Amino acid sequence: MKAEEEQEKEREEFKSLAKELHRDVDFWNKITERSYDEMRKELEGIFGKRLNLFPETHMRNLYFMNFLGNHDRPSSEKPDWLDREKFRKGQRFARDNIAGLFVGQLYGLFFLLCHEESLKSIIVTQKSHTPYLAFKRYLSTGQRVRNWYTEDPWCEGTKAYEDIQTVKRMHLDASTKVNRFDREEMESKSTIRNPHCPAFRFITDDFSRMLPPESLSGLLYAEQSKLLRANAKRINQSEMGYTLFGFMGLPVLFPDSFGIYPRTDEDLENFCYVWRCIGYLLGIDEEMNICRGSLEDVKARCRSYVDDMAKPAFQRLEPQWEHMTRCVVEGNLYFVNACNFETIVLCIADVMGIEMPIFYSSLTYSQRIKYYLHKYFIRYGLRYSFVRSFVNKLLNSSFDKALDFDDAKIAELKKKSTSSPLHVSVGDRRV
């Protein structure tokens, strides 16, 4: 009984400290005038040792969410730590495992879109809220990633180099657009009319048990979200840093679940190094680059992202999340034989160690069978080199064909999208 009272006392003290830390708007408004170390020193002067209650990850997020991406950094500027041979080895590993990594990237989008403010920034661009728009967006994203796995992104004239420039311009344009909206405009322009979310209640009922009631990580995430809504810049260094997780985090944390086999720690570290370099080229500060350091350093940051940011976010999902992730899945099915929405939800729950009894019971037998077939094929089928080689070729061929779709095929996909319940309007724009 006494132990429980002590725990409750500590919890209340933590709540009070968290609210006090996030409430000082003037302090956070002036944060860009200080370095991270200066900010931390000043906060230590205010809160003393109590500041150590907050994870380092959380403190860095609070600081770097006030800074935009370094879009002005010349792509010809190479970091002192650049090791081209390590980069090429990482590229080769990625090409050899492109199918499993593509599945991990697809799952990763479900993680990136679970954050309310990031999701709104994506919706505002009005480039992925229908199946056809999602097809266009993620086909081009997948092709850029393939180019980054095959060419030198520092070499002017290569597709990889040009793709870096394109993505930097897209980030800058999107950031400029969303940061000029006030709160009311942002809400209006990021609202999907009648989102299609038939499974939302079942998913959220299961996800609601992801963390204990009033967990400290959930509390911190809620306070951070309030600060982001009120004060921080959109498409900031913190968001950009953790966007890398969507491309590499899950396969690095759970390689067996994506058929990444055989592999060594050196292979995985080289793969992370590729994304460290891509992040640098896209304007992510080294301090917020989730892929910097050793493999264990990277894994620790990825685990922290899942536990301290993704899980609390999954407990606070909005119906728009299901709509947008369904668009991602259906858009991908337009050009590649990917898995369905229900399968991905169950698979991401698996990697997080979350049981989904309510959602699972809502599925048809066909959906359950598809889930098990996908899960075990990816986990065990891709371990065989001849299977992996065949699936890699099939995936690459699907991308090549989709990039060469003629006008008739594009018209067919647009018509298919129009007839989908996912074909909806955003804000004051009608589709």
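Modeller: Rings of Phe, Tyr and Trp (for Trp, the six-membered ring) pair if their centres lie within 6.5 Å; planes under 30 degrees apart count as stacked, over 60 as edge-to-face and the rest as tilted. The model is predicted, so local features need pLDDT of at least 70 and side-chain atom pairs pLDDT 80 or more, while totals for chains, interfaces and linings use all residues. Residues are numbered from 1 along each chain as its sequence is written, and side-chain values use heavy atoms, with hydrogens and water left out.

Biologist: Fine. Which residues form the aromatic cluster?

Modeller: Phe110, Phe111, Phe207, Tyr242, Phe245, Tyr305, Phe314, Trp321 and Phe341 form one cluster.

Biologist: And how many aromatic pairs does the rule give?

Modeller: The count comes to 34 aromatic pairs. One of them is Tyr63 with Phe67: the ring centres are 4.9 Å apart and the planes are at 45 degrees, so this pair is tilted.

Biologist: What about Tyr149 and Trp275?

Modeller: Tyr149 and Trp275 make an edge-to-face pair, 6.2 Å centre to centre with 85 degrees between the planes. The pair links distant parts of the chain, since Tyr149 is in helix α8 and Trp275 is in helix α14, 126 residues apart. Tyr149 is buried at 3%, and so is Trp275 at 1%. Helices are DSSP runs of H or I with at least four residues, strands are runs of E with at least two, and both are numbered from the N terminus.

Biologist: Where do charges sit over rings?

Modeller: The charged end of Arg60 is over the ring of Tyr36, 4.4 Å from its centre. The charged end of Lys409 is over the ring of Phe405, at 5.6 Å from the centre. The rule requires NZ of Lys or CZ of Arg within 6 Å of the ring centre and within 35 degrees of the ring normal.

Biologist: On to helices. At what angle do α6 and α15 pack?

Modeller: At about 65 degrees, with the axes of α6 (residues 98-112) and α15 (residues 295-314) 9 Å apart. That makes α6 roughly perpendicular to α15. Axes are lines fitted to C-alpha atoms, for helices over the stretch in contact, and angles run from 0 to 180 degrees between N-to-C directions. Under 35 degrees counts as roughly parallel, over 145 as roughly antiparallel, 65 to 115 as roughly perpendicular, and the rest as oblique.

Biologist: Which residues meet there?

Modeller: From α6, Phe110, Phe111 and Leu112; from α15, Tyr305, Val306, Ala310 and Phe314. By class, the contact has 7 nonpolar, no polar and no charged residues. Contact means heavy atoms within 4.5 Å. Ala, Val, Leu, Ile, Met, Phe, Trp, Tyr, Cys and Pro count as nonpolar, Asp, Glu, Lys and Arg as charged, and the others, Gly among them, as polar.

Biologist: How do α4 and α13 cross?

Modeller: The axes of α4 (residues 56-64) and α13 come within 7 Å and cross at roughly 130 degrees, and the two are therefore oblique. Thr57, Asn61 and Phe64 in α4 meet Gln237, Ser238 and Tyr242 in α13. The contact of α4 with α13 divides into 2 nonpolar, 4 polar and no charged residues.

Biologist: Why call α7 largely enclosed?

Modeller: Because 7 of the 9 residues of α7 (residues 116-124) are buried. Among them are Glu117, Lys120 and Ile123. Ile123 has a relative accessible area of 1% and touches Lys189, Ser190, Ile192, Gln320, Met324 and Val426, leaving aside residues up to four places away in sequence.

Biologist: Which peptide bond is cis?

Modeller: The one from Tyr261 to Pro262, with omega near -5 degrees. Pro262 is in the loop between α13 (237-253) and α14 (265-281).

How values were computed
Buried means under 20% relative accessible area, exposed over 50%, partly exposed in between (1.4 Å probe, protein chains only).
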